[in-house]
Amino acid sequence: MIKYVIKRLFYAIPVFLGITFTVYLLINLAPGGPLSILAASGEMSLSDLEALKASLGLDKPVLVRYFLWLADLLHGNLGTSYRTSQTVSMMIGQRIIPSLLLTGTGIIGAIIIGIPLGVVSACKPNSIWDHISTFVAFIGASVPNFFLSLLLIYVLAVKMKLFPTSGMYSAGTGGDWKDLLYHLALPAFVCGIQPIGNYIKQTKSSVLEVLNEEYIKTARSKGLRNVVIVIKHAFRNSLIPIVTTLSLSVPFLIGGAVVTEQIFAWPGIGSLMITAITSRDYPVIMGVAVLICVVVLVVNLILDLIYAALDPRIKFK
């Protein structure tokens, strides 16, 4: 087991380098640059712009800059924002909790509702629960987040005035937990509606497949109760594809709901990334990319260990 973990960690190194280099190359190939806004405004002379460019190291080739950035990263330095002059680690630290709160609430709600609905739908086909789960899955898969966000804001916030339109707390207040939940309700619902459709469909498909296995028929012939058959045998043996589907939510969980955060003005990682891309703030973009990349690689490793715990047939070599 330990050898397998070490082996996977070594495999993760070239993957991490490949991802970060690709992201660094792409953001540098994009039109414009960190100094384009200053150049367009005419507030700085050409010589001042060149001096600022040299001080930021932007006059060096892309490959050289990447390795300089990588050397700083190995020393625990994510760099300094071109836009705010704050350290990238501090900016991400300020945004990570709101993002985890928003997306975590949405995903946990989707798990609590989606997986039971998927199990019931598989066990009772063509029932009212099956129709409800199919409808919810259809809505989650087909309605875009931006449209649902704007619709909820217009109906529930603007017209009915039941919820606030944006922000994490009300202006001019201390911001207690009740005010936080009040602002969290709409964006968390939007974040949860799309994953819930995936969880319902994957759970239903996996449980249906297991229910057709011979050992399930044997368990039924022995007179075991249906609840015991579903929970102890069918659901447990269908967990691997379900866990895989859950793991796909991790980049979304860490990276934040970009569209939802923008529309609801939620101060998370997603809105930080959009601001950084718009202003060509390379250090911030790379800092967020590193965060998501590391978390996804670690989660994939943990996922393999979970597979082994769920299925004894899986062995590490």
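**Entry 1: one leucine.** I began with Leu 151, which comes out as partly exposed because its relative accessibility is 39%; partly exposed lies between buried (under 20% relative accessible area) and exposed (over 50%), with a 1.4 Å probe and protein chains only. Leu 151 sits in helix H7, and helices here are DSSP runs (H or I, at least four residues) numbered from the N terminus.

I noted the ground rules too: this is a predicted model, where local features need pLDDT of at least 70, side-chain atom pairs count only at pLDDT 80 or more, and totals for chains, interfaces and linings use all residues. Residues are numbered from 1 along each chain as its sequence is written, and side-chain values use heavy atoms, leaving out hydrogens and water.

**Entry 2: its surroundings on the surface.** I found Leu 151 in a nonpolar surface patch with Phe 146, Phe 147, Leu 150, Tyr 154, Val 155, Val 158, Met 160, Leu 162, Val 258 and Val 259, together about 960 Å² of accessible area. Helix H7 (145–159) and helix H13 (258–263) are the elements giving two or more residues to the patch, and H7 gives the most, with 7. Areas come from the Shrake-Rupley method with a 1.4 Å probe.

I also checked Tyr 154, found in helix H7. Tyr 154 counts as partly exposed because its relative accessible area is 46%.

**Entry 3: the inside.** Which residues touch the most other members of the largest nonpolar core? I got Leu 148, Ile 196, Ile 200 and Ile 216, out of 29 residues. A core is a set of buried Ala, Val, Leu, Ile, Met, Phe, Trp, Tyr and Cys residues joined through side-chain atoms within 4.5 Å. Helices supplying at least two residues include H7 and helix H8 (177–211), and H8 gives the most, with 9. A second, separate core of 25 residues includes Tyr 24, Leu 58, Ile 92 and Val 284.

**Entry 4: the whole protein.** I counted 15 helices and 0 strands. Of the 317 residues, 39% are buried. The accessible surface is about 17,700 Å², and 69% of it belongs to carbon and sulfur atoms.

Methods: Patch = residues over 30% accessible without salt bridge, like charges linked within 9 Å, V, L, I, M, F, W, Y side chains within 5 Å. Salt bridge = Lys/Arg side-chain N within 4 Å of Asp/Glu carboxyl O.
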